[in-house]
Structure formats: C-alpha cells, structure tokens
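Here are my notes for someone opening this one for the first time. Have a look at the picture, then go through the points in order.

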Amino acid sequence: MSYRIVGDWGTSRLRLFRIEHGAVVARAEGAGIGALDGTPEAALRDAIAPWRAEGAAESIALCGMVGSRNGWIEVPYAGCPADVAGWLAGAGQVALDGVPVTIMAGLACTAPSGGPDVMRGEETQLFGAIARDPALRVGRHRLALPGTHSKWATIEDGRITGFQTFFTGELFALLRDRSTLLRAASQGDADPAAEQAGFAHGLARANDGAMMLGALFEARSAQLIDGRSPDWAAGYLSGLLIGREVAEVASAGGETIGLIGDPALCARYARALVARGIDTKLLDGDACALAGLALLETDR
C-alpha cells in the first residue's frame, strides 16, 4: 500500500505519522536525538519496522533536532525573515535504504534581546499554523510555543520575522530535580490541589515584580517555615518562572497570543497571559506540525 511518513524528531522523543491518501492512519514513537544508543538510521528503522514489513514508504520528511549537528545530518539554518519557499529550499536530503528522506531546515535570527537565536522543529509548526489559518497571512501576529525551550515568534504577512527563546522549561526541570529547592518530587501521593495553589502564588509573585533570584528561594523557605508541601513548591516554581517569562515578553492587553504545544502546558501559559489582560488562542500542536510538513508535498 502506498504511504509516506512524516515526523518531528526532537531532543527528547521521535513522533512519526503514517500518511495514506492525505490522512494519518498510524503513529509511532521512538527515542529522541539526545537519547540514542546507536545511529539515527538504526533508530528510525526500528521505529517504523512494522510499517516496513508491509512495504517501503514512498518518502520520509522529518523536522526538529534530527537536522542539528548532533542529528542525522546538519542542515543549515534559514535566516529570518523567512517565508515558506525560502524555508523549504533549505531542506537537506538523505536516504534510508533507498527511501528519500527530507530533513527540514531550522531558523535563525537576531532575537529582540540582541543576541543570536535558533529554532528547530517549531518553525514547522509555525508555517503549519499559517497554512491552516489564512488570518495569519495578513498583518502582524505573535505565537508562543511553550516547551523545554519556549519560543515567542512574530509573524508578519505570513513570514516569520523573528523570535525569542526562553530557557524556562529546562530551568524548571533543573531546579526541581537537581537543586536544594525541591529535591525532586513529593513523597507519597501527588497533591494536585497543592500544586495548583503553589502555581497561583508563584504567578502572583511574578506579576508583583518580585526579584527573581530572591523569589526562587521561597520554594524552599515556604516548606521550612510555612509548612508547604513539595507539590506546592513545585507549582510555585512553575508559576514564578512562567509568570516572569510572560512578563518579559508580553505587554498588557491589546493583542491575542496563539499558543502551540502540549495542552496542559499551554493552559498554564494562558493563565499567566490572562492574568495580564491578554487573550489567547490554543492551536493544536500535532495538527500544525502535520500541516507544516505537508507543505513539502505541496511544493513538489
């Protein structure tokens, strides 16, 4: 049966979609580029082995860290401002047992902070969002992609003109798992109510303009003095970090921010944005990624 494969291969995981007649008929997952024991080729063969048993794919298209210097091949970044045609033209080509494999380019820009910035994978979701929503092809819009390294991108008349990366997700994981603030997860059953209360307090502290480095230590001192639980402290750290990220990049009111990514994480960002009087619109991350990868077929 005729089919093609598209996927997002990031640092932490591989997500693959089998496409037949323009529809997703099956999904598969595998290890991320940062967790491979062997070569990317071997990992991809293993991930799609059940599909290969039914016949070879017509083509494979991948985005994400698979195109980094630590991936399969290093695909140069396309510069911003970037339109769809320029981005597609920068793709790299390899093969897996005779099947052509296209690896999409990432994007590079000078961030609003003044330093260089890069993304790999998020650009596919952004171009997919533009393809799915004609309103994004006219005027200026901002979209946020929460994650390990959150991205805030500006789109003008259908082009990605720039973006800023925030280290928020990875910093949260480091503080939660490796610092003296939490010493990892709570003992016993999780307490979602305490975690949510902690998040609300952290968000309030961020919006109060609290000194960031000083406010971080409250995650520990509140456990020692106020009897707060580790779950509360984890929520507090999450609210504080997300709240400060939003405060740095989003002015109060007057615009709608599109959110692309994991629904639970996007809900936290939406809460932080609404607290500053900013409307949000949730966009399906998988649907945007698939739409972005589908542009390759349209271009052929």
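1. Let's start at Asp157, which is exposed with a relative accessibility of 54% (exposed means over 50% relative accessible area, buried under 20% and partly exposed in between, using a 1.4 Å probe and protein chains only). Asp157 sits in the loop between β11 (150-156) and β12 (159-166). Its phi is positive, about 50°, although Asp157 is not a glycine.

2. Before going on, a word on what you're looking at. This is a predicted model, where local features need pLDDT of at least 70 and side-chain atom pairs count only at pLDDT 80 or more, while totals for chains, interfaces and linings use all residues. Residues are numbered from 1 along each chain as its sequence is written, and side-chain values use heavy atoms, with hydrogens and water left out. Helices (H or I, at least four residues) and strands (E, at least two) are DSSP runs, numbered from the N terminus.

3. How far is Arg140 from Asp157 in sequence and in space? The two are 17 residues apart along the chain and 6.5 Å apart from C-alpha to C-alpha. Arg140 belongs to strand β10 (residues 140-145) and is exposed, at 54% relative accessible area. Leaving aside residues up to four places away in sequence, Arg140 touches Thr154, Ile155 and Glu156 (contact means heavy atoms within 4.5 Å).

4. His21 is another one to check for its backbone: phi is positive at about 50°, and His21 is not a glycine. You'll find His21 in the loop between β2 (13-20) and β3 (23-31). His21 counts as exposed, with a relative accessible area of 81%.

5. Next, look at the peptide bond between Cys80 and Pro81, which is cis, with omega about 5°. Pro81 lies in the loop between β5 (78-79) and α3 (84-89).

6. Cys109 is in none either, with the sulfur of Cys80 as its nearest at 5.1 Å. Cys63 is buried at 0% relative accessible area, and Cys109 is buried at 11%.

7. Now the helices. Two packed helices are described by the angle between their axes and the distance between the axes. Helix α9 (residues 230-249) packs on helix α10 (residues 263-274) at about 60°, with the axes 9 Å apart (axes are lines fitted to C-alpha atoms, for helices over the stretch in contact, and angles run from 0 to 180 degrees between N-to-C directions). That makes α9 oblique to α10, as angles under 35 degrees count as roughly parallel, over 145 as roughly antiparallel, 65 to 115 as roughly perpendicular and the rest as oblique. From α9 come Ser238, Ile242, Glu245 and Val246, and from α10 come Leu265, Arg268, Tyr269, Ala272 and Leu273.

8. Helix α6 (residues 192-207) also packs against α10, at an angle of about 40° and with the axes 11 Å apart. That makes α6 oblique to α10. On the α6 side the contact is made by Glu195, Gln196, Phe199, Ala200 and Leu203, and on the α10 side by Arg268, Arg271 and Ala272.

Key. A disulfide is a pair of cysteine sulfur atoms within 2.5 Å.
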